[in-house]
Amino acid sequence: MILPKASRLTPEQLAEVTVIVTEFGCQIQPIVGAVRTIYAIVGDERDELMINRIEGLSYIDRIDRIQSPFKLMDRRSDLANGSLTVGGVTLGRELFIIAGQCTIDPKNPNYFYETAQAVKEAGAHMLRGGVWKPRTNPYTFQGDVKSLDILMEGSRRTGLPVDTEVMEEAHIQLALDAGVTSLQVGARNALNYSLLRAIGRAIADRRDVVVLLKRSMHMGTLNEFISAAEYIAAFGNPNVILCPRGTAPGLDGYRNHPDESITPLLKEKTWAAVVVDPSHSVGKAIYVPAAALAAVAYGADGLCLEAHVSPSHGIGDDPKQALTPDVLASTIKRAKQLWVLRM
Ligand code: PEP
Ligand code: MN
């Protein structure tokens, strides 16, 4: 990672550095931050001669050589000094709340609009709504692109930015063109490296877009989880939020094995924000408030909560997992109080 003395390299300086790394079979990937730009060396950056030649340039401050499988997402990376603001919240400074339906029902858009309003009134900062759905049963509702319009209408009515899951490359541009702020990568695709790369490529220059990266379904290592984020960040946009959502096999009675407790461990390894999803973790609305508070107690920067104005009329996970508006509001209120106590 090359750190210039000034906030960024001039085009001439970048060209000079590029010529040097190219000689050693490497490439330069600028990572544009709000305040400064840093330059990742893509390839084998261990060659002493290459390092010395770059460090010898008058406009270079230093090269950070982090020996880590995820050198951009690593806690020790210069990116740790940056900040991420979404929906008016700078992560880490205020508890960030995403809430909304698991699945948008294209036949009943009014439920979504009412849910969106309830989500806003409950104090959430981002509205979620599933357009395309990964379903275990191939004969159940798989989502509908028409729901993208409903999602964006919910956003317009509330002024909230939106999060939705993209499952295939074709979904990425559709979501971006519609104005989606947060591309969710679900647990089933969390290790789909070609999808992660495609997202990284598509949002490289879109610093207004973030990725909510779920932890994969299996009980994978923390390094595997953070490395998945690195696949996206390596294209230039490091706005990746890590989302533990429980792992399989489930804990008897819960849908998954709750894993909010990995939050402090993730934070030792990466600077990335952690937004926990207790809804998929425990899988039943009655258990969600306690799991949400546990996540905040463990140091989460935010929560992703499924909610519906009338869960029994919902589809997808909503009948079993969605919080009603009153429970959503009280959960958010108590989570914010706990956040303040934690400070
Ligand atoms: C969801 O957010 O509705 C979802 C399908 O989540 P996960 O990928 O965590 O199962
Ligand atoms: Mn769901």
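Predicted model: local features only at pLDDT ≥ 70, side-chain atom pairs only at ≥ 80, totals over all residues.
View 1. Lys214 has a side-chain N or O atom 2.7 Å from an oxygen atom of the ligand, and for His280 the distance from a polar side-chain atom to a ligand oxygen is 3.1 Å. The protein covers 98% of the 300 Å² of accessible area that ligand 1 has on its own (Shrake-Rupley method, 1.4 Å probe).

**View 2. The shell around ligand 1.** Ligand 1 is surrounded by 13 residues (a heavy atom within 4 Å). The closest are Arg128, Gln184, Ala187, Lys214 and Arg245. By class, the shell holds 7 charged residues (Asp, Glu, Lys and Arg), 3 nonpolar ones (Ala, Val, Leu, Ile, Met, Phe, Trp, Tyr, Cys and Pro) and 3 polar ones (the others, Gly among them).

View 3. The whole structure contains 0 disulfides (cysteine sulfur atoms within 2.5 Å). Cys243 is in no disulfide, and the nearest cysteine sulfur, that of Cys304, is 5.4 Å away. Cys243 is buried at a relative accessible area of 0%, where buried means under 20% (1.4 Å probe, protein chains only). Cys102 is also buried, at 1%.

**Notes.** Residues are numbered from 1 along each chain as its sequence is written, with chains lettered from A and ligands numbered from 1 in the order in which they are written. Local features need pLDDT of at least 70, side-chain atom pairs count only at pLDDT 80 or more, and totals for chains, interfaces and linings use all residues, while side-chain values use heavy atoms, with hydrogens and water left out.

Methods: Polar contact = N/O pair within 3.5 Å; in protein donor to acceptor, adjacent residues only side chain to side chain. Buried < 20%, exposed > 50% of the residue type's maximum accessible area, 1.4 Å probe, protein only.
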